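Here is a friendly walk through some local features of a protein chain. Please have your viewer open as you read.

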Amino acid sequence: MEAILNIIYYIVPFIILLGILVFVHEFGHFIIARMLGVTVTDFSIGFGKELWSRTDKHGTKWKISAIPLGGYCQFLGDGDASSSTVTDVSALSEEQQKGAFQLQKPWKKLAIVSAGPLFNYLFAILVFIGLFYTMGRMVFPAVVGGLMENGAAQEAGIKIGDKIVRVNEREVLDFKDISSEVMLAEKDNIAVDVERPMNVSLQAEELNFTPRCETKSQHRKIIGIQSLPMDKDEKGELISAPAVVGDVYDGSAAQKAGLLKNDVLVSINGVALNTFDDLKNYVETHIDDEFIIEYRRPLHFDVELKVTEYEPENGAKVKRRMLGVISAQEVSFAEENMPFMKAVKAGFVEAYDLTANTLRAVAQMVTGQRGGGEVGGIIRIAEMSGDVTKTGGLVSFLYFMALLSVNLGLINLLPIPVLDGGNFVIFFIEMIIRRELNPKVKDWIFKFGIAIILAIMVLATWNDVVHLISRWFD
């Protein structure tokens, strides 16, 4: 029974996931090629033995093949599915030669090879837009809900309830940002800035003080804090200062209660504070009351990351370098009624952020700042798709599929021969020099590209196997 469930949770979602992404990618090549008059001879989902096929009225053979680990779109004149080799097109009729890929102008070739990755991006963005518009944004607040025992965060002094606002000087908006910044950290030692929730109880007291920008001393009943200096807008008018302590008067009730400069004020007697004027107005109208002020105190920690073992919801133990914090149990869909245009913007931003983080990781690997142990392949994708399906349901599966679509599009845009990005570079050079590169040069370029791809596949497979063995037996 368990074996059947594993097939349902791991193999079936994996095949569906990969099949959709491959179809999207290859359909991009196909539709642009057909629009530009290039003949597509084969459109295959999978490799190897043909399981099913159908030839349409344009002569394209649509087929499903036995090995569901990719696919291809083959054009007239191609010697193979990757378009890395060509056949002799002299035997083709004049009409057929018009549709041969290798006889097309360089700009057409550029458009066709670019279409696959761009369709992956378009598909991902549409999925993001659909999720954000119908469900809202999935929010994981950057608030520490738990600490792993003997983890890096606990040893550094971070506490439950702390709101993480920056990691290595980069702003953190949600818990996902924390994971990304920790994963991409070049060194084990990272800087973490938090805001710690605190509260004080105090009453206004008579005090001699001199307000900022004034020389004359005043005496009246106050709690004893000043705002930050106020900025001006485009018209030169003063803008209300944020609800942040700019300074604390000596001998004041605020100083006695322990308030400090830069404390972020949250509420007073349960009334939310958005600006410093909100605090000032409340105190002036409740001068003789006792005030309970909730605030967040900015704190800085230098944290030494540790390799920590933890057990996620799927029950499989995982070891990796981490901060050792657990998100608060406040996961929800925010902005459930997100306007369509805002959802569109959020979809593009999500794709951009994923791309930027992936490029940062790749750059760190290329420069030797991080190892290749995180490179995963088909086995890891199958494992992750199963885990997502088991624990997150359809919404998480759709998000994971969009995430993979972005990565598939980005990887194919890398300037590695055999990949779309490598072909793009070659066709771009040919467009500039107005002639084709020497066939022998092209052959050596593609052989070099194949060697790189094989090396990456070997590394990814090795990492996948090691990870799987660790998951099963650790």
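Which residue just after α3 takes a positive phi? Gly136 does, at about 90°. This is a predicted model, in which local features need pLDDT of at least 70 and side-chain atom pairs pLDDT 80 or more, while totals for chains, interfaces and linings use all residues. Residues are numbered from 1 along each chain as its sequence is written, and side-chain values use heavy atoms, with hydrogens and water left out.

Helix α3 itself covers residues 106-135, 30 residues in total, and spans 43 Å from its first C-alpha to its last, close to the expected 44 Å (1.5 Å times one less than the number of residues). At Ala115 the helix bends by about 40° (the angle between axes fitted to the seven residues ending there and the seven starting there). A proline, Pro117, follows within four residues.

Asn150 counts as partly exposed because its relative accessibility is 47%, and Asn262 is partly exposed at 39% (buried is under 20% relative accessible area, exposed over 50%, partly exposed in between, with a 1.4 Å probe and protein chains only).

Ser252 sits in the loop between β11 (247-248) and α6, and it is buried, at 2% relative accessibility. Its side chain reaches the backbone nitrogen of Gln255 at 3.2 Å. Beyond its neighbours within four places in sequence, Ser252 is in contact with Leu207, Ile223 and Gly224 (heavy atoms within 4.5 Å).

How values were computed:
Helix = DSSP H or I, 4+ residues; strand = E, 2+ residues; numbered from the N terminus. Polar contact = N/O pair within 3.5 Å; in protein donor to acceptor, adjacent residues only side chain to side chain.
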